[in-house]
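Trainee: Could we go through this model together? I would like to begin with the aromatic side chains.

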Amino acid sequence: MNVQIDKTYPMPCSAEVAWEFLQNLEAVGACMPGAKITERLDAGRYKGTVTVKVGPATMSFRGEVEMKDVDPAARTLRLLGKGTDSTGSSGASMNLTARIEAADAGLCTLVGTSEVSMSGKAAAFGGRMMNTVADQILKQFADNFAAQVSALQAQRATPVQTDSAAPETAVSTPPPPTARELNGLALVWSIFKDWLRGLFSKRTT
């Protein structure tokens with residue numbers, strides 16, 4: 001089963017700051033709820049895990065993600081990911097193109113276009129449910145991403161005192177957000193509400 005996902009999120013920072021952060025795959029991975037980079041294989045290629053908790057049950061997926069086709073002029077890059085769950089009964093792959101677009105007032109937007117392919121038990125959820133789950137996951141990701149680039153922009157704008165008379169700007173990066181398990185109960189509730197809306201809309205037509 002293939003699902004196409006297109007999202008745009010406004011960011012509270014300049015395009016330069018967002019693009020700098022987007023290229024840091026480890027920091028970006030930490031913004032994804034339930035995700036964790038576990039090993040760097042080589043430049044631009046990493047191993048990682050994604051953990052989803054639904055009540056007392058916990059599901060864990062492991063795989064690889066690779067950064068390719070980095071275009072600084074267009075502020076665009078591509079991420080290729082693939083993985084399987086711990087039982088080997090489900091698999092997934094992702095082809096994501098992300099870019100940073102400048103916006104008014106010195107701000108920017110994060111634009112993502114991805115194709116996700118599911119196989120095994122995970123494919124049984126269906127396209128509509130997958131889109132609902134993706135909306136919830138990406139909303140949490142965008143909030144974390146925005147918080148990180150906002151802090152990074154604030155650091156860039158804050159002068160630090162050195163031995164010289166002229167102040168310099170800070171260049172350190174903010175710490176990554178604390179990794180948290182993806183709240184599966186919230187996803188289930190969102191899916192249930194989406195199903196109810198669809199059910200009642202059919203009855204009223």
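Trainee: How many aromatic pairs does a search of the whole structure find?
Mentor: The search finds 2 aromatic pairs. Rings of Phe, Tyr and Trp (its six-membered ring) pair if their centres lie within 6.5 Å; planes under 30 degrees apart count as stacked, over 60 as edge-to-face and the rest as tilted. This is a predicted model, in which local features need pLDDT of at least 70 and side-chain atom pairs count only at pLDDT 80 or more, while totals for chains, interfaces and linings use all residues. Residues are numbered from 1 along each chain as its sequence is written, and side-chain values use heavy atoms, with hydrogens and water left out.

Trainee: Why is the pair of Phe-21 and Phe-145 edge-to-face?
Mentor: The planes of Phe-21 and Phe-145 stand at 85 degrees, with the ring centres 5.0 Å apart, so the pair is edge-to-face. Phe-21 is in helix α1 (residues 15-22) and Phe-145 in helix α3 (residues 127-157), so the pair links distant parts of the chain, 124 residues apart. Helices (H or I, at least four residues) and strands (E, at least two) are DSSP runs, numbered from the N terminus.

Trainee: Changing topic, where is Thr-109 found?
Mentor: Thr-109 is in strand β7 (residues 108-120), and is buried at 17% relative accessible area. Leaving aside residues up to four places away in sequence, Thr-109 touches several residues, including Thr-8, Tyr-9, Arg-99 and Glu-101. Contact means heavy atoms within 4.5 Å.

Trainee: Which residues in β7 are the partners of Thr-8 and Glu-101?
Mentor: Thr-8 has Val-111 as its bridge partner, whereas Glu-101 has Thr-109. The hairpin of β6 and β7 has 5 residues between the strands, and there Ala-105 takes a positive phi near 60 degrees.

Trainee: What is the count of salt bridges?
Mentor: The count comes to 7 salt bridges, each being a side-chain nitrogen of Lys or Arg within 4 Å of a carboxyl oxygen of Asp or Glu.

Trainee: Which residues are linked in a network?
Mentor: Salt bridges link Asp-42, Arg-45 and Glu-64 in a network. The closest N and O atoms of Asp-42 and Arg-45 are 3.2 Å apart, and the side chains of Glu-64 and Arg-45 meet at 3.2 Å, N to O. Glu-64 lies in strand β4 (residues 57-71) and Arg-45 in strand β3 (residues 45-54), so this pair ties together parts that are 19 residues apart in sequence.

Trainee: Are the members buried or partly exposed?
Mentor: Asp-42 counts as partly exposed at 34% relative accessibility, Arg-45 is partly exposed at 27%, and Glu-64 is partly exposed at 29%.

Conventions: Buried < 20%, exposed > 50% of the residue type's maximum accessible area, 1.4 Å probe, protein only. Pairing = 2+ DSSP bridges.
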